Amino acid sequence: MIKIPDAIRSASGLALFLLLPLHASANTLSVPADAVVAFQVIDDLVLEGESGRRDDILLRPVSADEAATHELPEYCVVVGDALQDGDRLRVTAKALTCVETEGSDSDIYNGEISAAAYEMDGSYGLAVCDASRCALTSDHVFHLKLAKGLEIEEQDNPSARINEQRRQADGAGVANPVPADRPDPDSN
């Protein structure tokens, strides 16, 4: 039996420990500060009278917008707030959840975002208000400009582990065991 000195074993363990964070940080959703992403509201938004504010509105990214500098994954939901300010609607984004899929794998990103809405012509706020009413329809495309960069680590995805167990064809998976060889109860 060969004995490995404690110093070598400790150095090997330290090297492995230092490599783990590099692997864990490989899946990060990154978007730089000042990036411009096209968005729409999910549901029509109407603000009238003294209720010139709505919190927790839902936004979704729009792909293939030539004026946008960046795109988010197709399956994203951004939560924001809307405030009427004269003839403009000020929309700010505060949180996002994205699911990026590739084949049967999916990565989940959930975190904070700091961004404000701009019209397609670059003017701050959305020109969807008159004196007492704002109406932002779900087909109105606008830009969100990030105030600070976005760096969100991939979240744990328990369903991915369950799906991996199910895909194991040899029956080693907990959720997909190979049926035992038993006699058919209907045969004589």
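Trainee: How far apart are the sulfur atoms of cysteine 129 and cysteine 134, which form a disulfide?

Mentor: This is a predicted model, in which local features need pLDDT of at least 70 and side-chain atom pairs count only at pLDDT 80 or more, while totals for chains, interfaces and linings use all residues. Residues are numbered from 1 along each chain as its sequence is written, and side-chain values use heavy atoms, with hydrogens and water left out. A disulfide is taken here as a pair of cysteine sulfur atoms within 2.5 Å, and the sulfur atoms of cysteine 129 and cysteine 134 form one at a separation of 1.9 Å.

Trainee: Which handedness does the disulfide of cysteine 129 and cysteine 134 have?

Mentor: Both partners are buried (under 20% relative accessible area, with exposed meaning over 50% and partly exposed in between, for a 1.4 Å probe and protein chains only), since cysteine 129 has 16% relative accessibility and cysteine 134 has 1%. The torsion about their S-S bond is about 100°, so this disulfide is right-handed.

Trainee: Which strands hold the two ends of the link between cysteine 76 and cysteine 98?

Mentor: These two cysteines also form a disulfide, with their sulfur atoms 1.9 Å apart, and the link is right-handed, with 110° about the S-S bond. The pair joins distant parts of the chain, 22 residues apart. Strands are DSSP runs of at least two residues, numbered from the N terminus, and the strands that hold cysteine 76 and cysteine 98 are, in that order, E5 and E6.

Trainee: What pattern do the disulfides of the chain follow?

Mentor: A search of the whole structure finds 2 disulfides. When the bonded cysteines are counted along the chain, the pattern is 1-2, 3-4.

Trainee: Is valine 77, a contact of leucine 96, buried, partly exposed or exposed?

Mentor: Leaving aside neighbours within four places in sequence, leucine 96 is in contact (heavy atoms within 4.5 Å) with residues including Leu72, Val77, Val78 and Ile113. Valine 77 lies in strand E5, which covers residues 75–85. Its relative accessibility is 35%, which means that valine 77 counts as partly exposed.

Technical notes:
Helices (H or I, at least four residues) and strands (E, at least two) are DSSP runs, numbered from the N terminus.
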